[in-house]
Amino acid sequence: MLFNSPLFLLVFLPLFLITYFVAQGIRLRNAVIVLFSTIFFAWGDPIFVWYVIAGTWIDYMIIKHVLTKPTYSDRVRKSGLVVAILINVGALLFFKYANFFVDQVQPLLRIAGMERPSWYGVVLPLGISFIAFHKISFVVDLYKQRTSPPTSFIDALLYILFFPQLIAGPIIRYHEISPQIRVRTHGTEEFIAGFFRFARGLGKKTLIADPAGGIANAIFGLPAESLPSHYAWMGVLAYSIQIYFDFSGYSDMAIGLGRIVGFRFPENFNQPYTAKSVTEFWQRWHITLSNWMRLYLYIPLGGNRVAPWRLYLNLWIVFLISGFWHGAAWTFILWGAYYGFLLTLEKFCDRRGWTLPAPAAVKQLLTFFIVMNAWVLFRADSLRYATRLWGRMYGVLPQLQPTTEPFALIFPPHGLAAIAVGLLIALIPLPEAARRLAMIKDSPKLDTIRWATSIILFFAALSSIMASGSSSFLYFRF
Amino acid sequence: MVASLIAMLVFPMLGIKVRKFILRERAQSIPQPTQLWSGLVKHEWQQFLEQGFLNHMGSLRSFLILSYNEAKHRLFPTRPNDRYIWTRGFGYYPADTISRLNIDVLQHDAVKQHYQRAAHRLRILQELLSHHGIALLVVSAPAKVRLYPEYVAPYLIAPPDTIMSRAISYGDVLEEAGVNVINVQRIFAEKKSGSLPFFTTTSFHWNYWAGCTVADEIMRRAEALTGRPVFTVNCSDVEYGKSRGTDTDVALSLNIFSTDATIGEAPFPKITPQENVRGEIPKIVLMGDSFSDQIVYALTQALPDMSWSPGWLTRYELFQVRQTEGMRGKVAAKTPLQPGGALAEILTKQLLVIEVSDSSVYRVASNLDLMEYGATRALLDGLLAKTGAGPIDPKNFLTDGWRASNEQWRTVGAVASFAIRPRTKGNSIQLAFDLETVPPTPNEARPLNVLLDGKVIGEATISGGREVLNLTVPADLPWQDSLVAEISLGDSSGQPLDLILHGVRVVGADTDKKTNEGIAPQVLPSPQTLDRAGMRTINLFSGEEPEDVLVEGLNGLEGNGKDSLRWALGPATRIKFYVDPTWPEQARQLLLKFAFANGIPGQTVIIRLNGEDIRRFSSEEIGMQKVVDADMVLHTKTGMNVLEIVYHDWNHGRKTYGADPRQLAVAVKRLSLQEANR
C-alpha cells in the first residue's frame, strides 16, 4: 500500500489512528501497530510478510536465548550474532542479488553447457534492503548491549514491521527507538506536528516530485543519442529534483506518521543540495543510511583509527557496498565507486589542509553538479545508456538521430514549474527562523498555522492523487 | 482539533453524492476475484478493493479532481493535462497526434516502407473481395494537427508550412498502391481555405459537418464501386453555433468546473432524409473507430426511410464490436464481433468501408498485423486459398490483371497476378495452371517473366494453345510479408497476355501444415443465420421501440399496467416497418392488434397500408370514450411498408378540444404487429 494512495490516506490511516487512540496502554497500542503494520505489508506482499515475521521470530529467539544471556561466553554470543547476520545477509543476497550473479556468470554457464538455475527469476520482495538493515541493527545493538532487549515478540515485530519506516526507511537503529517502544508521549501538539510533517511530505511527493518525474521519465525514455544536449541536462535536473522530493517526501511522511503516535524518528534529510562538498552532501542525504553504514560497517572496518591508505580503502568499500545495496546492477556499483572516490579525494585533501579557494555558492553549485552527474548512473537502465547520456550532456557523443519531441512537447509548463519551485526549495538554504517553523522547534503558537497548512497541503496533494493517480516511491525498488 | 482531523479523514468513507460534481471518465471496472489467496498474491483483491473505494467515495472524489484540474487549467492553460495542448488560435489538440506527425517526418522512410506493406495487403484484399462482388473502400481520417498545423508550431519538428509535405501520409501511400481510398487529409487540405472548419476547438474528432461531407463522398464512391444506386448526403444546410455532442469531447474530458467556457462554435449539418432511391442501395459494413460516429450519424439521417432494410449498415467498432444501424440512427444492441463471422457477413454485403484515423495507424513495422484494427490480416487469412494439394478457387487466388466473364477468368493487360501464402517450411509450392492462349495473340511459344511482389524472380514458357503450365514457387524466396505474397506472370515483351484460365490446382501432397495453421475455418455467406426468417412482434406498448421500426405521430407511454396509453397525434400515426424478401410467404401476413378510445365527437379512423385503405372505423362505431378493439390481418409487400392510421380530427385540428398543446387524436390502448400465422 502506498502512502499516497487514497485507500491508505482515507481508510487505512483513519482506521489505524482511531484504533490506536481508542486502545489503552502502551502494550495494547504496540499490538495495534503490529496488527496494522502486518496488514499494510501483506497488502503489498502477502507472501514475503510471512518470511519477515518468521525471520524476526528467529532473530528474537537468538537475541533472547543467546545474545542477551549473560551466562554464555562471548564466543557463543558472537557465534549467535554471526548466525543471525548470516541469515539476514544471506536472505538479502539471495532475494536481491541472485539474479544479478546468475546474469554475470551466464556466459560461463553457457560455455559449460549449463542452463540457468531453476530458481532464476527471484522476485524482489518489498522493502527487503531496509528490512535487512533493520534486522542487522536489531541483533548487533543487542549483542553490543547498546540497549535492553525487547520485552516481547510483539515489541520485536514492532521495530521491524512498523509500517511508516517499513519499506523505505528512515533506517532506524534499534538502540535509537527501543526506549520509545516502551515509553512514549502522546498529545495534540505531537499529533498536529506529525500530521503537518506528513502532509508536507505528501505535498513534496505529489506536487513536486511527480510532475518533475514526468519530465525525467520522458527524457530517459528516449534514446540517449537522440537527445539534444540541453534535453539531457534538463532530464538529469528533473530527476535530481524528483528523487530528492520523492525520497525526502517519503521520509517526512514516515517521520510524521511516527510522531502522530508518539515516536521520534531520526531525520533523514537536511537540505542536501545546499551541501558545499560531497562529504557534506552525504551528511545531509539519506542521513540514516550514512549513520548505519558508519556504525555497522565503517567502524568495524577500523573507522578513522587506521592508516591513511586503509582509511581511504574503507571509505571506498563502504560506498561501493552502499551503491550495491541500492540495486543489483553495475550502474549502482559504479555510482557507489564514484562517491567512494570523491569522498576519498576530499578526505585526502582535507587531511592535507587543501581547500577549494571559492565562494560558498560556487562550492554548493559544484557539489550539486557532481551529484547531478552521479544521478545519471542512478537513473539509467544500463551503463551503456548512462555513458551515452553523459556523452550527449557534454557534447562528446554526436546527436546520431534527431529527437521526435520538440521542447514544448516534452517539457510541459506544469513540470517545468515543479522543477523551478523544487530548485528554489532545494538549493536555497533556509534561514534559521524558517527552519524552526518548518521542522525543528515545536511551539503551541504555531499549531494553528501548521494545522491550516496541513489541511491545505493534504487536500492539494489528495486532489493531485485523485486526478493523476498514485505513483510509487522511487526508493521502494531498493 | 484532533477530532476534526479524524472526522475529515473519515468523511470520504460516507460516500456522499452531490449531483453538481460529475466526472466524465471511462473507468474500467475490476471484477471481483474468485479466489481468496491467489487473488491476494496476484494483487487482484487489492486492486478490486482500491477501485471499489474510489467508486464509493462519491462526490468528494469528483470535487477533488475537478478542483485540481481547474487549478491546472488556469495556471497552465497551454497544457491542461498530459493528453492535450491548447492553442489560442484553434483550441485543443491531442498531444499524441502531434508526436505521431513528428515521427512521420523524422522516420519518413521507415514508416513509408511499413505503410507500403500494409497497402500491399489491402490491395490484395480489395482484389479478392471484388471477386466476391464486394467493393473495398478505405477512408483515411486525419488528425486535427495534419490540417491545422499552423497553430501548434512550437510543438512541431518542422515549420508548419512545410511539415505536411515532409510527413509520410498513410492515405497517400494507399492511393499510390491502388487501394480504393478516400484520402480525407488531401481532400480537406484542398478545401481548407474559404471553407468551414473541419474540426472544432474542443474536439478530438472531425466535426459533424466534416463527417457529413465524408459520408457524402463515401456514397458517391459507393455508387461508382458497386454500380448500385445510392442516396446523397446533403451537408449544405449548416447551423453555426455552440459545439455539441462529440464536438465537445475534449472539453468534457478535461473534467473542470468551467467546461462550458471552453466550448466554442462549430458548424453542425441539418441533414434530412433524401428522396427515395429507385433500386436497392448497397449494403455496407463500416469498420472504424470513433471517427466513424459522425459518418454513421450523417448516413442514418440522410437515408430515405423507404430505402432502409435490416443490415443496410453494419458497424464493426475497432473490429471488436458489431452493431447494426436501425431506422433514423436507432442503434441495435452491440455484440462482440467474432472475426470468423465477420468475413461471412461481409460476403453478404456490397461495400466494406474501413475508416482508419491517425491514432489507429501503427508506425511500427512489427505491428503490421494490427493495421486496420487487425481486420486486413483476419479477412485475408479467411479468404486466401490454402496451400494444401487440390484445386484452388480462383476467387481466393487471383488478384490483379484478371477479368471474370462467362465463368472464365481472362487476363487483361501484360501482367496477371495471384496471391499465395508464403511457405514457412522447406517445401516448395507446385502450381498447375490450365491455360489457353486466345486471339489475337498467335498460338506460339513465348517466354513469360515470373515476378514476386513486382520483382522478377524467374521465367516460364508457354507454348500456345491450351496447356498446363507448371510453376514451382520455392520456399526460400525473399518473402516480404509472412501473410501474403503476390506472384505475377508478365509477358516479357510487354504485350497483352491474352490468356484464359480454366483452372488451377496445387499439385503434390506435401501440405504445409504450419502455413495453414493460421487459416480461419472455411466460412461461407449465410445470410439466414444473420437475419431472422420472420418478423418479430412489434409491441409499441413494451416500452422499447425496435430499431427496425419507425413510428411517427404517436406520443410516449403514459401510465402503467392495464391503464397505460399512448396518445395518437393528428393527422396520422405512421409506422414504417420492413419485410424481408427472404421470409416465406406466410411470414409476410401480419396481424395488427389495435385498440383505442376516442374523446372527439364525429371521429373516424382509417387504417391504411402502403397507401391502400384496409379498414375504416366510422364515428358510430367509435363513439365517445368507448374502447374500440380490433385485430386485422395485413398482407404486406416485401421491403419497406407504411402503415398509416389516419384521423378525421384532433385537438387544434378542426377545433380545439382542450388546453393541452398536443394534437391529440385518440388514446391508443394497444398497438402491436406480429406474424399472423405464428
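**Ground rules.** I am working with a predicted model, where local features need pLDDT of at least 70, side-chain atom pairs count only at pLDDT 80 or more, and totals for chains, interfaces and linings use all residues. Residues are numbered from 1 along each chain as its sequence is written, while chains are lettered from A and ligands numbered from 1 in the order in which they are written.

**Chain B overall.** I found 19 helices and 32 strands in chain B; these are DSSP runs numbered from the N terminus, helices being H or I with at least four residues and strands E with at least two. Its C-alpha atoms fill a box of roughly 95 × 80 × 65 Å along the principal axes. Of the 678 residues of chain B, 40% count as buried (20 or more other C-beta atoms within 10 Å of a residue's own, with C-beta atoms placed from the backbone). I then looked at contacts, meaning residue pairs whose C-beta atoms, placed from the backbone, lie within 7 Å. In chain B, 74% of the contacts with a separation of 6 or more join residues 24 or more positions apart.

**Where the chains touch.** I see 31 residues of chain A in contact with 34 residues of chain B. On the chain A side, H1 (6-22), H9, H17 (407-410), H18 and H20 (447-468) each supply at least two residues. H1(A) gives the largest share, eight residues. By class, this side has 24 nonpolar, six polar and one charged residues (nonpolar: Ala, Val, Leu, Ile, Met, Phe, Trp, Tyr, Cys and Pro; charged: Asp, Glu, Lys and Arg; polar: the others, Gly among them).

**H9 against H18.** I next checked H9 (residues 188-220) and H18 (residues 413-427) of chain A, which pack at about 125 degrees with their axes 8 Å apart. Axes are lines fitted to C-alpha atoms, for helices over the stretch in contact, and angles run from 0 to 180 degrees between N-to-C directions.

**The core.** Which residues touch the most other members of the largest nonpolar core? Among them I noted Val139(A), Leu161(A) and Ile218(B), out of 306 residues. Such a core is a set of buried Ala, Val, Leu, Ile, Met, Phe, Trp, Tyr and Cys residues joined through C-beta atoms within 7 Å.

Note on methods
Buried ≥ 20, exposed ≤ 12 C-beta atoms within 10 Å, placed from the backbone. Contact = placed C-beta atoms within 7 Å.
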